[in-house]
Every structure is written in structure tokens, then in C-alpha cells.
Amino acid sequence: MIYDPNNISVIIDNVFVTGFAEGTMVSAAKDEENFQTKVSAKGEVSVALSNNPLGTITVTLSADSPHVKRLSNLANTKAMVSAWVNASAPVKEKKGGSRAMVKKPADAEFSDEVGDREFEIQVFDYTDS
């Protein structure tokens, strides 16, 4: 099996994101486990299912990416958008949802190298398929 980062696409508000930083360009995760358990002193197990639909997509862009300004604007305007991460090979995966918001503009650092800008996107109807 061969992994190629070109098989990963990030689509926010129906626009393909480009200009990723070196290293991990995107991560996606459900915010809470699907269930919680408790075990009594006698070993009886209780299970509580979680109905929390939240997830988080974290996108790491190069500071000179054309999408830094766009994602900052989405955060500042508190726009509701769709956010998806798609992997087409070697294993097909789709993570994200149709209702999401960029939490805040990225923190900024300035140095003698091109920096990174990290955006967290809260997904309100997160699916993982």
C-alpha cells in the first residue's frame, strides 16, 4: 500500500483548501467517545450512550496560503459552513459535516521562516465514514 498526500482533500464552504504547512496538514476527530461505562463494586457494568454529534477538524496552513485570510474571515463573521476531509486512496474515508464554524482566526508567529497557521473547525453534525 502506498500513501500519497495528494489523495487527501479538504473542502470548507465548498472550496478546496490549498497551501498546507509541512507535516500534518489536517486532522479530524469526534469530540467525545460513543459511550461511557461504570462498573459497580460487584462488577455490574452500566453503559451510557453518548449522543454528542460534535467533531473537530484542524487544518494547518502555511502562513502564505491563500486560504489563511478566507478562514480568518469565516471565523470573524461566524459563518456556518460545510467542512469535509476526504481520502480517496489507499482507503476511502470521509470525515466532517454540513454544519461547521471556524472557532477563531489562527494564532500568528513571525520569524525568519515561513510560519504555520492552525485553524480549528467545530463540526456540529460530524460523521465518519
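The following conversation goes through a few features of a predicted model and asks what stands behind the words used for them.

Trainee: Why is arginine 70 called partly exposed?

Mentor: Its relative accessible area is 21%, and since buried means under 20% and exposed means over 50%, a value in between is called partly exposed. Arginine 70 lies in helix H1, and the separation of its C-alpha atom from that of proline 105, 35 residues apart along the chain, is 9.8 Å.

Trainee: Which residues is arginine 70 in contact with, if neighbours within four places in sequence are left aside?

Mentor: They are Ile12, Asp13, Val15 and Val17, where contact requires heavy atoms within 4.5 Å.

Trainee: What makes Ile12 stand out in the largest nonpolar core?

Mentor: This core has 24 residues, and Ile12 is one of those that touch the most other members, along with Val26, Ile57, Val59 and Ile121. Because a residue has to be buried to belong to such a core, each of its members is under 20% relative accessible area.

Trainee: Which elements give two or more residues to this core?

Mentor: They are helix H1 (67-77) and the strands E1 (8-12), E6 (55-62), E7 (81-87), E8 (93-102) and E9 (116-123).

Trainee: Why is strand E5 said to lie largely in the open?

Mentor: Strand E5 covers residues 45-49, and of these five residues the number buried is zero, so the strand is described as lying largely in the open.

Trainee: What kinds of residue make up the lining of the largest pocket?

Mentor: The lining divides into nine nonpolar residues, one polar and three charged. There are 13 lining residues, and those nearest the centre are Ile8, Val85, Ala87, Glu93 and Lys95; strands E3 (26-30), E7 and E8 each give two or more residues to this lining. Glu93 and Lys95 are counted as charged because Glu and Lys belong to that class, and the volume of the pocket is about 190 Å³.

How values were computed
Residues are numbered from 1 along each chain as its sequence is written. This is a predicted model: local features need pLDDT of at least 70, side-chain atom pairs count only at pLDDT 80 or more; totals for chains, interfaces and linings use all residues. Side-chain values use heavy atoms; hydrogens and water are left out. Buried means under 20% relative accessible area, exposed over 50%, partly exposed in between (1.4 Å probe, protein chains only). Helices (H or I, at least four residues) and strands (E, at least two) are DSSP runs, numbered from the N terminus. A nonpolar core is a set of buried Ala, Val, Leu, Ile, Met, Phe, Trp, Tyr and Cys residues joined through side-chain atoms within 4.5 Å. On a 1 Å grid over the protein atoms alone, a cavity is a set of points where a 1.4 Å probe fits but cannot get out, and a pocket is an open set with protein on both sides within 12 Å along at least five of seven lines; lining residues have an atom within 4 Å of a point. Grid points are joined across faces, edges and corners, and a volume is the space filled by probe spheres set on the points.
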